[in-house]
Amino acid sequence: PRPILLTRHGESRDNVRGRIGGDSVLSDTGEIYMKKLANFVEKRLKSERTASIWTSTLQRTILTASPIVGFPKIQWRALDEINAGVCDGMTYEEIKKNMPEEYESRKKDKLRYRYPRGESYLDVIQRLEPVIIELERQRAPVVVISHQAVLRALYAYFADRPLKEIPHIEWRKKTESYLSFST
Ligand code: F6P
């Protein structure tokens with residue numbers, strides 16, 4: 001069996017401010033996680049010559065991968081966080097206050113809700129298809145460093161969870177853990 005390790009990026013500065021989306025760098029806490037992850041990955045994959053590290057194209061995942069040495073790194077746009085469109089950079093409170101209808105529609109059907117000029121969970125699930133095909137095809141271990149919405153969808157695929165559960169999978173609390181699947 002070969003492992004697929006899924007992890008979120010280290011905490012970003014926007015995470016600290018409660019802002020969604022964006023392309024900010026890591027917070028101090030995020031940098032601690034970055035170092036811990038590098039240690040973990042180097043130990044876990046020490047004997048693997050062909051493992052690779054996959055990130056999104058956003059700084060917070062690329063930085064999280066930066067201290068991991070000895071493995072090729074691949075950036076996938078398909079691993080970028082859900083595009084929050086006109087809400088990018090806002091806090092949930094701001095959305096609730098300034099765009100209450102949007103806030104309510106999302107609450108009612110988070111799976112299908114599409115941010116104006118952005119994406120829905122269903123859109124994210126669809127754009128992940130090539131990533132999943134490539135993950136299945138790889139024989140070597142892969143470490144995927146990505147974002148909450150994307151990881152929910154990938155996790156659901158490998159753990160065989162139903163579609164309707166995807167937007168509600170608890171990931172925030174899992175930022176300090178590594179999920180691993182064997183295929
Ligand atoms: O808050 C961090 C974040 O990655 C945002 O960038 C993104 O919009 C959000 O999580 C996705 O989670 P949810 O679908 O629960 O809002």
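The shell around the ligand is made up of 5 nonpolar, 4 polar and 1 charged residues. Here Ala, Val, Leu, Ile, Met, Phe, Trp, Tyr, Cys and Pro count as nonpolar, Asp, Glu, Lys and Arg as charged, and the others, Gly among them, as polar. The residues surrounding the ligand are Asn15, Ile20, Gly21, Glu81, Ile82, Ala84, His147, Gln148, Ala149 and Pro167, each with its C-beta atom, placed from the backbone, within 6 Å of the ligand.

All of this comes from a predicted model, in which local features need pLDDT of at least 70 and side-chain atom pairs count only at pLDDT 80 or more, while totals for chains, interfaces and linings use all residues. Residue numbers start from 1 along each chain as its sequence is written. The pLDDT (the predictor's confidence in each residue, from 0 to 100) averages 93 over the protein chain, and 93% of the residues score at least 70. The scores for the model are ipTM 0.99 and pTM 0.95.

Now to helix 2, which covers residues 28-44; helices (H or I, at least four residues) and strands (E, at least two) are DSSP runs, numbered from the N terminus. The 17 residues of helix 2 should span 24 Å at 1.5 Å a residue, and the 24 Å between its end C-alpha atoms agrees with that. The expected span is 1.5 Å times one less than the number of residues.

Gly30, Met34, Leu37 and Val41 are buried in helix 2, where buried means 20 or more other C-beta atoms within 10 Å of the residue's own, exposed means 12 or fewer, and partly exposed is in between, with C-beta atoms placed from the backbone. Seen down the axis, the buried residues of helix 2 fall within an arc of 70°, so they line one face of the helix; the arc is that of the directions from the helix axis to the C-beta atoms. These buried residues pack against strand 1 (3-8), helix 3 (59-65) and strand 4 (142-146). Over on the other side of helix 2, Asp28, Lys35, Asn39 and Lys43 are exposed.

Alanine 38, also in helix 2, counts as partly exposed because it has 16 C-beta neighbours inside 10 Å. Leaving out residues up to four places away in sequence, alanine 38 touches Pro67 and Ile68, contact meaning C-beta atoms, placed from the backbone, within 7 Å. Arginine 44 lies in helix 2 too and is partly exposed, with 16 other C-beta atoms within 10 Å. Its C-alpha atom is separated by 16 Å from that of proline 72, 28 residues apart along the chain.

How values were computed:
Two residues are in contact if their C-beta atoms, placed from the backbone, lie within 7 Å.
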